[in-house]
Amino acid sequence: MLELAGKVALVTGGSRGIGAAIVRRLARGGADVALTYVSAAEKGRAVVAEVEAAGRRGLAIAADSADPAAVVGAVERTAAELGRIDILVNNAGIALMGPLEAVTLEDVDRTLAIHVKAVFLASQAAARRMGAGGRIISIGSCLADRAPGPGTTLYSMSKAALVGLTKGLARDLGPRGITANLVQPGPIDTDMNPAHGPGADQQRSLLAVPHYGSADDIAATIAHLAGEGGRFITGATIAVDGGFAA
């Protein structure tokens, strides 16, 4: 029997990159999966088609994580159309980086809206509907713990906030049998940070292994936390970073 059979998951930012890999992995595990996207409707539909090809139900929801109403609405629509919500993966993110003096108030507001406020609101909305065995998993960044160079202040600050949020969720929701965990990826080969893009060699030099990770490396950890193997893991920050923080 598939470990996640009968479960329903929502993956924010699930139309591409790490998010799409997570959607596919959860579907292969037996879960029905909804995803959100902002503008990549065609990619979202393509990922849903893969979910359906795996014999599961899929749902693509247009929702900008910077919009609080859209975030909560995505959770509610998932529960309404797929019948429940058991797994929430807070994956949507942006990478606004550059010199400190160039960061604008708009940059700050949008980054914190997507990386912090949306994660809180989605987790709060999902927790209202989850029963025992529920899973809330957020995607952070290795840059929350280590800033190896200039230009990451805003991004690192926003991802570091998820450490405290995750610990708080674990304490609030643990008595109900719901776990909350944070996964911190290192350099992952995606269109946002390609393994052969500008700065890739410098990033590789910071790793204990000589190569970027893949989106499937992150998805494998998410699948473990979402399944029975994750039942006694909560409030944890798990590095999947090729030794970046070693």
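What covers the buried residues of helix α3?

Reply: The cover of the buried residues of α3 includes β1, β2, β3 and α4. The structure is a predicted model, in which local features need pLDDT of at least 70 and side-chain atom pairs count only at pLDDT 80 or more, while totals for chains, interfaces and linings use all residues. Residues are numbered from 1 along each chain as its sequence is written, and side-chain values use heavy atoms, with hydrogens and water left out.

Some terms are needed at once. Helices (H or I, at least four residues) and strands (E, at least two) are DSSP runs, numbered from the N terminus. A residue is buried if its relative accessible area is under 20%, exposed if it is over 50%, and partly exposed in between, with a 1.4 Å probe and protein chains only. Contact means heavy atoms within 4.5 Å.

Helix α3 itself comes next. The buried residues of α3 are A70, V71, A74, V75, T78, A79 and L82. At the N-terminal end, D67 caps α3, with a side-chain oxygen 3.0 Å from the backbone nitrogen of A69. This is a polar contact: a pair of N or O atoms within 3.5 Å, where, within protein, one must be able to donate a hydrogen and the other to accept it, and residues adjacent in sequence count only if both atoms are side-chain atoms. Just after the helix, G83 takes a positive phi of about 95 degrees.

The cover of α3 includes α4, and Q124 is found in α4. Q124 and V72 are 52 residues apart in sequence, yet 8.7 Å apart in space, C-alpha to C-alpha. Q124 is partly exposed, with a relative accessible area of 33%. Helix α4 (residues 105-129) lies across β4 (87-90) and β5 (135-139), at about 180 degrees to β4. Such angles run from 0 to 180 degrees between N-to-C directions, and the axes are lines fitted to C-alpha atoms, for helices over the stretch in contact.

The strands β1, β2 and β3 belong to a sheet. This open sheet has seven strands in the order β3-β2-β1-β4-β5-β6-β7, with parallel pairing. Strands β3 (58-62) and β7 (237-240) stand at the edges, each with a single partner strand, so one side of each has no neighbour in the sheet. Neighbouring strands of the sheet are turned by 20 degrees against each other on average, direction ignored. Two strands pair if DSSP finds at least two bridges between them. Strand β1 (residues 8-11) is joined to β2 (residues 32-37) by four bridges, and L10 stands opposite A34 in β2. Helix α2 (residues 41-53) lies across β2 and β3, running at about 165 degrees to β3.

Further along the sheet, β5 and β6 pair in the parallel sense over five bridges, and S138 has L182 in β6 as its bridge partner. Strand β6 (residues 179-185) is mostly covered, since seven of its seven residues are buried. In a regular strand the side chains alternate between the two faces of the sheet. In β6, T179, N181, V183 and P185 point one way and A180, L182 and Q184 the other way. Helix α5 (residues 153-173) also has buried residues, among them L162, L165 and L169, and the buried residues of α5 pack against α4, β5 and β6.

N91 lies in the loop between β4 and α4 and is buried, with a relative accessible area of 12%. A polar atom of its side chain lies 2.9 Å from the backbone oxygen of G13. Leaving aside neighbours within four places in sequence, N91 is in contact with residues including V11, I18 and I139.

Finally, the whole chain may be considered. The protein chain has seven helices and seven strands. Its radius of gyration, taken over C-alpha atoms, is 17 Å, close to the 18 Å that the globule rule gives for 246 residues, so the chain is as compact as a globular protein of that length. The globule rule is 2.2 Å times the number of residues to the power 0.38. Of the 246 residues, 49% count as buried. Among contacts between residues at least 6 apart in sequence, 74% join residues at least 24 apart.
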